[in-house]
Amino acid sequence: MATWNSRGLRGSTLEELINRTNEVYQEKGLALIQKVPTPITPIKIDKEHRQITLAYFDQKSTVDYIGAVQGIPVCFDAKECSVDTFALQNIHPHQVRFMEQFEKQGGVAFLILFFSARNEIFYLPYRHMRRFWDRAQEGGRKSFKYMELDQDYYLQPRGGLLVPYLDALQLDLNQRDT
């Protein structure tokens with residue numbers, strides 16, 4: 001049984017940045033992306049502060065976000081990393097299976113990675129993540145390094161967008177066509 005406590009707040013900074021970006025995209029009519037809630041069962045509740053202090057996950061979640069961008073189904077997960085090496089154990093097999101199935105149905109799956117020490121955010125296309133994943137499954141590195149990322153997928157905040165992933169999504173789509 002997986003449990004949740006204060007460690008469950010890891011990644012909340014990135015998720016807040018993504019949520020704000022998604023609000024702007026929705027206001028502009030560019031995308032409708034929803035945060036997928038993780039179902040939990042509370043075990044301990046701090047009644048004075050009206051907070052859940054301990055809970056367990058009811059089921060494995062799929063990805064953090066799902067929705068549509070101009071008629072294109074998209075799903076993605078948000079991950080934070082404090083060093084220049086991202087451990088693939090932070091991506092779960094059921095998430096990889098979900099993203100694979102999502103892409104087989106014509107959708108686009110990706111990760112948004114925040115390298116907190118560098119204060120840099122990247123879009124990682126599913127096919128790139130899958131290459132790292134398969135390498136690990138075949139006995140290779142169980143992680144990938146910052147320097148292995150395609151710098152074209154660096155997300156530079158601009159124009160009120162904190163995580164402007166639509167340009168990277170367009171690049172991802174263009175590279176699929178070639």
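## Strand pairing

Two strands pair if DSSP finds at least two bridges between them. Strands (E, at least two residues) and helices (H or I, at least four) are DSSP runs, numbered from the N terminus. This is a predicted model: local features need pLDDT of at least 70, side-chain atom pairs count only at pLDDT 80 or more, and totals for chains, interfaces and linings use all residues. Residues are numbered from 1 along each chain as its sequence is written, and side-chain values use heavy atoms, without hydrogens or water.

S5 and S6 run antiparallel, joined by five bridges. Val69 has Ile72 in S6 as its bridge partner. The two strands form a hairpin with two residues between them. Gln70, in the turn, has a positive phi of about 50°. S5 also pairs with S2, antiparallel, over five bridges. There, Lys35 stands opposite Tyr65 in S5.

## The largest nonpolar core

A nonpolar core is a set of buried Ala, Val, Leu, Ile, Met, Phe, Trp, Tyr and Cys residues joined through side-chain atoms within 4.5 Å. Buried means under 20% relative accessible area (1.4 Å probe, protein chains only). The largest core has 26 residues. Phe110, Ile112, Tyr123, Tyr165 and Leu169 touch the most other members. Elements giving two or more residues include helix H1 (12-27), strand S8 (108-115) and helix H4 (165-177). H4 gives the most, with five residues.

Leu169 is in contact (heavy atoms within 4.5 Å) with Val69, Val74, Val108, Phe110 and Tyr123, leaving aside its neighbours within four places in sequence.

## A separate core

Another core, of 23 residues, lies apart from the largest one. Phe102, Leu124, Met129 and Tyr146 are among its members.

Definitions and conventions
Buried < 20%, exposed > 50% of the residue type's maximum accessible area, 1.4 Å probe, protein only.
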